[in-house]
Every structure is written in C-alpha cells, then in structure tokens.
Amino acid sequence: MDRKKYTPQFKADAVELVITSKRPIAQCAVDLGINEGTLGNWVRAWREEHPEDETEGVVRWSGRSTRRCRPRTRS
C-alpha cells in the first residue's frame, strides 16, 4: 500500500483550517478526508516552528515551499 503524498500547499491549507477555525483536529481531518494523526502531526510541527504566529492568525508551512496565509473572511 502506497502512502499518500500531500503538497506543501495542501498541508498549509489544512493547518490554516485548524488554527483559524478553532475546530478540533479530528473534525477538520474528517472534513478534509485525511487521517487525524497526520493532520495532528502537521499542526504540532507548525506550532513548534511558529509559536508566535498562532496568535496573529498567520500560517506558514516550512516544507519545500513557504506560504503566508491570512485567515479567510466570509462575506
């Protein structure tokens, strides 16, 4: 069985969803169709690398590409 590969963009978006929505990782993982443990690992790694950014609502993924995300606002 091959492991799924996720792009840095997908990881950043998934972490952003958890951080900005304040929803549980388990709920976000179900919504995204990914394993809860996988998403938990991404969020934990991001929080360890960017403890100061979480309060500002900024998500940067330090995989192969770096992306700066702003929380999305609903109209």
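Predicted model: local features only at pLDDT ≥ 70, side-chain atom pairs only at ≥ 80, totals over all residues.

Residues are numbered from 1 along each chain as its sequence is written, and side-chain values use heavy atoms, with hydrogens and water left out.

Helices here are DSSP runs of H or I with at least four residues, numbered from the N terminus. Helix H1 covers residues 8-21 and helix H2 residues 25-32, and the two pack at an angle of about 140° with their axes 10 Å apart; the axes are lines fitted to C-alpha atoms over the stretch in contact, and angles run from 0 to 180 degrees between N-to-C directions. H1 and H2 are therefore oblique to each other, given that angles under 35 degrees count as roughly parallel, over 145 as roughly antiparallel, 65 to 115 as roughly perpendicular and the rest as oblique. The crossing of H1 and H2 is right-handed, a term used if the near helix is turned clockwise from the far one by less than a right angle, with anticlockwise giving left-handed. On the H1 side the contact (heavy atoms within 4.5 Å) is made by Phe10, Ala14, Leu17, Val18 and Ser21, and on the H2 side by Ile25, Cys28 and Leu32. Sorted by class, this contact of H1 with H2 has seven nonpolar, one polar and no charged residues, where Ala, Val, Leu, Ile, Met, Phe, Trp, Tyr, Cys and Pro count as nonpolar, Asp, Glu, Lys and Arg as charged, and the others, Gly among them, as polar.

The axes of H1 and H3 come within 10 Å and cross at roughly 80°, and these helices are therefore roughly perpendicular to each other. Here Phe10, Lys11, Ala14, Val15, Val18 and Ile19 of H1 meet Leu39, Trp42, Val43, Trp46 and Arg47 of H3, a contact with nine nonpolar, no polar and two charged residues.

H2 and H3, in turn, pack at an angle of about 120° with their axes 9 Å apart, and their crossing is right-handed. Ile25, Ala26, Cys28, Ala29 and Leu32 in H2 meet Glu36, Leu39, Gly40 and Val43 in H3, which divide into seven nonpolar, one polar and one charged.

Tyr6 and Phe10 are stacked, at 5.2 Å centre to centre with 20° between the planes. The rings of Tyr6 and Trp42 have their centres 5.2 Å apart and their planes at 75°, so this pair is edge-to-face; the pair links distant parts of the chain, with Tyr6 in the segment before H1 and Trp42 in helix H3 (residues 36-49), 36 residues apart.

Finally, Lys22 lies in the loop between H1 and H2, and its phi is near 60°, a positive value in a residue other than glycine. At 65% relative accessibility, Lys22 counts as exposed.

Definitions and conventions: Phe/Tyr/Trp six-rings, centres within 6.5 Å; stacked < 30°, edge-to-face > 60°. Buried < 20%, exposed > 50% of the residue type's maximum accessible area, 1.4 Å probe, protein only.
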